[in-house]
Amino acid sequence: MELGGATARRTLLRRVVPAVVAAGLTTGGLAGVARGAAPEARKAAAADFPTWGTRWVVHTTADTHSPAVGMIDTTGPGRDRITADYQVDTGRRVCEGSACSTFMAHLTRPFSGFLTAVAVDIPQDRLPGIPVQGGPPPQPGTSRQEMLARAATWMTADNGAQVPYGQDRFWKDGYRQDCSGYVSMALELPAPGTNTVGLATDHSLTRPISLGALRGGDLLIDATGDNNSRHVVIFETWNNPAHSSYTAFEQRGGHGTDHRSLTYGLPGGDSAFKPYRPVAFGD
């Protein structure tokens with residue numbers, strides 16, 4: 001099912017375009033010091049991402065003028081992968097071709113430092129599912145951030161591409177490749193996953209909440225109709241103070257894993273969608 005709006009996305013140019021090493025800038029980059037950057041990383045589940053291009057500089061701080069601690073993709077385009085545990089919005093853009101971002105990711109692998117999000121081979125301008133420094137703290141128990149980080153893994157799990165959609169297909173981790181299988185994976189429910197109706201009606205899994213109570217990791221579910229109309233998405237964050245749209249993860253037909261702006265369940269959107277909270281969060 002493909003209802004709701006879509007965000008404008010950036011498409012990375014998957015070609016060998018060396019990043020300029022002089023002054024620690026990527027091609028077309030604008031250096032900036034992170035606003036409110038703190039020296040300590042937030043505790044959160046790290047996620048692994050592919051890179052693209054060549055000779056990306058990793059810096060000591062979230063500032064492209066800071067000293068380099070190393071370089072990735074030195075032997076070929078996209079030869080390295082990175083692991084990030086949080087990201088910083090510097091407020092200043094770094095660009096490479098048509099791809100631009102103000103975010104710099106804090107790496108824990110292949111070495112510690114900060115890398116522009118432009119170097120990461122994803123269709124967004126920031127790393128999906130990775131917390132932004134200065135945001136709300138991780139939740140206790142089964143962490144919302146851990147759930148969102150698991151959801152983000154399917155964005156690049158198919159050799160750098162999203163996991164394809166399929167109601168009768170199963171991914172390498174054993175979960176069904178449809179919307180409810182995807183949510184089951186993110187919640188670490190037993191594989192191959194429950195169905196959409198189960199996610200909405202099994203009170204050991206979720207409970208209804210109000211729209212205003214939605215927080216990262218909560219679900220919006222349409223449990224009506226048949227398997228071709230039912231759908232579930234993972235709420236990540238509101239897009240604006242008016243709460244007129246939100247960003248969510250979903251596994252949708254004709255596309256696969258996605259991370260985009262939606263209005264399911266909101267006034268003016270599809271009213272069949274109702275908000276639910278996984279009971280594993282303990283609140």
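Predicted model: local features only at pLDDT ≥ 70, side-chain atom pairs only at ≥ 80, totals over all residues.
Trainee: What makes Cys-95 and Cys-100 a disulfide?

Mentor: Their sulfur atoms are 2.0 Å apart, and the cut-off is 2.5 Å, so the pair counts as a disulfide. The structure holds one disulfide. A disulfide is a covalent bond between the sulfur atoms of two cysteines.

Trainee: Why is this disulfide called right-handed?

Mentor: Because the torsion about the S-S bond of Cys-95 and Cys-100 is about 115°.

Trainee: How do you know that Cys-95 is buried?

Mentor: The relative accessible area of Cys-95 is 13%. Buried means under 20%, so Cys-95 is buried. Cys-179 has a relative accessible area of 5%, so Cys-179 is buried by that cut-off too.

Trainee: Why are β11 and β12 called paired strands?

Mentor: Pairing needs at least two bridges. Four bridges join β11 (residues 231-238) to β12 (residues 246-252), so the two strands pair. They run antiparallel. Phe-235 stands opposite Ala-248 in β12, and Trp-238 has Tyr-246 as its bridge partner there.

Trainee: What joins β12 to β13?

Mentor: Seven bridges, with the strands running antiparallel. By the cut-off of at least two bridges, β12 and β13 therefore pair. The bridge partner of Tyr-246 in β13 is Leu-262. The hairpin of β12 and β13 has three residues between the strands, and Gly-254 takes a positive phi near 80° in this hairpin.

Trainee: Why are β9 and β13 called edge strands?

Mentor: The open sheet has six strands in the order β9-β14-β10-β11-β12-β13, with antiparallel pairing. β9 (206-208) and β13 (256-262) each pair on one side only. Neighbouring strands of this sheet are turned by 35° against each other on average, direction ignored.

Trainee: What makes β12 mostly covered?

Mentor: Seven of its seven residues are buried. In a regular strand the side chains alternate between the two faces of the sheet. In β12, Tyr-246, Ala-248, Glu-250 and Arg-252 are buried on one side, and Thr-247, Phe-249 and Gln-251 are buried on the other.

Trainee: What makes α1 mostly covered?

Mentor: Eight of the 10 residues of α1 are buried; among them are Arg-144, Met-147, Leu-148 and Ala-151. Their cover includes α2, β10, β11, β12, β13 and β14. Helix α1 (residues 144-153) lies across β10, β11, β12, β13 and β14, running at about 120° to β11.

Trainee: Which strands does α2 lie across?

Mentor: Helix α2 (residues 179-186) lies across β10, β11, β12 and β13, at about 50° to β11.

Trainee: Which residues touch the most other members of the largest nonpolar core?

Mentor: Ile-234 and Phe-249, in a core of 26 residues. The elements that give two or more residues to this core are α1, α2, α3 (196-201), β10 and β11. The most comes from α2, with five residues. Not counting residues up to four places away in sequence, Ile-234 touches residues including Met-147, Leu-148, Tyr-182, Val-183 and Phe-249.

Trainee: Which residues does the second core include?

Mentor: Among its 21 residues are Ala-47, Phe-49, Trp-52 and Val-120, and this core is separate. Core membership requires buried residues joined through side-chain atoms within 4.5 Å. In soluble globular proteins, nonpolar side chains tend to be buried together.

Technical notes:
Residues numbered from 1 in each chain as written. Heavy atoms only, no water. Axes fitted to C-alpha atoms, helices over the stretch in contact; angles between N-to-C directions. Contact = heavy atoms within 4.5 Å. Buried < 20%, exposed > 50% of the residue type's maximum accessible area, 1.4 Å probe, protein only.
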